[in-house]
Amino acid sequence: MSFDRVMGEGFFTTTVDALTKWGRSNAVWPMPMGLACCAIEMMAFAGPKYDAARFGSEVLRFSPRQSDVMIVAGWCTYKMSHAIRRIWDQMPDPKWCIAMGACASTGGMHRCYGVVQGVDNFLPVDVYISGCPPRPESLLNALMRIQDKIKEEQTIKLDS
Amino acid sequence: MNSETTEKLLQKLREFLGDDLVRLYYDYKYPVITLKRDRLTETCRFMKDELHFIYLNDVFGTDRFTSEDRFEVFYHLISLRDHQRFFLKVLVDENNPVLPSVCDLWKSANWNEREVYDMYGIHFEGHPDLRRIFLPEDFKYYPLRKEFPLLGVPGSLELPNTTPDHD
């Protein structure tokens, strides 16, 4: 189905900003940072039942270079934090971050010396999800929040 | 588990240790034998060579936080021939936390002893490679000691830079 046939002789106008936001918000490719049991729920989120493809996020990219949103799913040790930060730095801008579950958000039940008490200690988190582990619907909700956030950002200014 | 076999093995161990067997009790149904520190190596050798405990399942410590004989180190031994599970226990003082290594008897003791060293700071003499196993080399504390705070010492473990490094 070509663009010409849909539009016929007509045309439409928009702004580059709106077009960019529309494109970005409907192709948010996640970087799955599965560290613990939350990763299982993250798999359900990507699978057919909960179907992240409805939001254009079905491609979990295992390369940080191709992804837009990092989903930190699970508890993060000090040892792992360095690897996570490194992968985060390898992701191209613009990028977003979801802290999935109680452990990634606050340390959760792991109140001990080896676990970072919340990944926001070293990552700029956009959306926090509560739950232990959260249901896939919560992750879909977080994704929609990210989409809302993208739609509110000013892409042209962001690039300058 | 055959308790007759257990008794037979225990009797042999009693004869070997004599007065150096400090205490014997059963945890669940497994015998826990407290013995004097200086008999540890030869008892382990006896357990392996004579009583056929060829499998060292685990070595672990506890911190009782007492003024004397503060630490306990357990050796969890299994006899695959007799289906027996024995625990040897030695007490270690805080001022001189040194034990002989049993690495030359059981290869599996290597990492287990490193873990006990990492968590409690108990040194194992004769260990081939006594380094920290979980925590960074420059970590100054022993986290499973009772005086160590639950959430750790702030700043003792490094967090990554929040600005990208260009290397």
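B:Asp63 is buried, at a relative accessible area of 8% (buried means under 20%, exposed over 50% and partly exposed in between, with a 1.4 Å probe and protein chains only). The model is predicted, so local features need pLDDT of at least 70 and side-chain atom pairs count only at pLDDT 80 or more, while totals for chains, interfaces and linings use all residues. Residues are numbered from 1 along each chain as its sequence is written, chains are lettered from A in the order in which they are written, and side-chain values use heavy atoms, without hydrogens and water.

B:Asp63 belongs to strand 3 of chain B, residues 55-63 (strands are DSSP runs of E of at least two residues, helices runs of H or I of at least four, numbered from the N terminus). Its side chain makes a polar contact of 2.8 Å with that of B:Arg70 (a pair of N or O atoms within 3.5 Å; within protein, one must be able to donate a hydrogen and the other to accept it, and residues adjacent in sequence count only if both atoms are side-chain atoms). A polar atom of the B:Asp63 side chain also lies 2.8 Å from the backbone nitrogen of B:Lys146. Beyond four places in sequence, the contacts of B:Asp63 include B:Phe71, B:Tyr120, B:Leu144 and B:Arg145 (heavy atoms within 4.5 Å).

Chain A holds 7 helices and 4 strands. Their order from the N terminus is α-α-β-α-β-α-β-α-β-α-α. The C-alpha trace of chain A spans about 65 × 40 × 25 Å along its principal axes. Of the 160 residues in chain A, 44% are buried.
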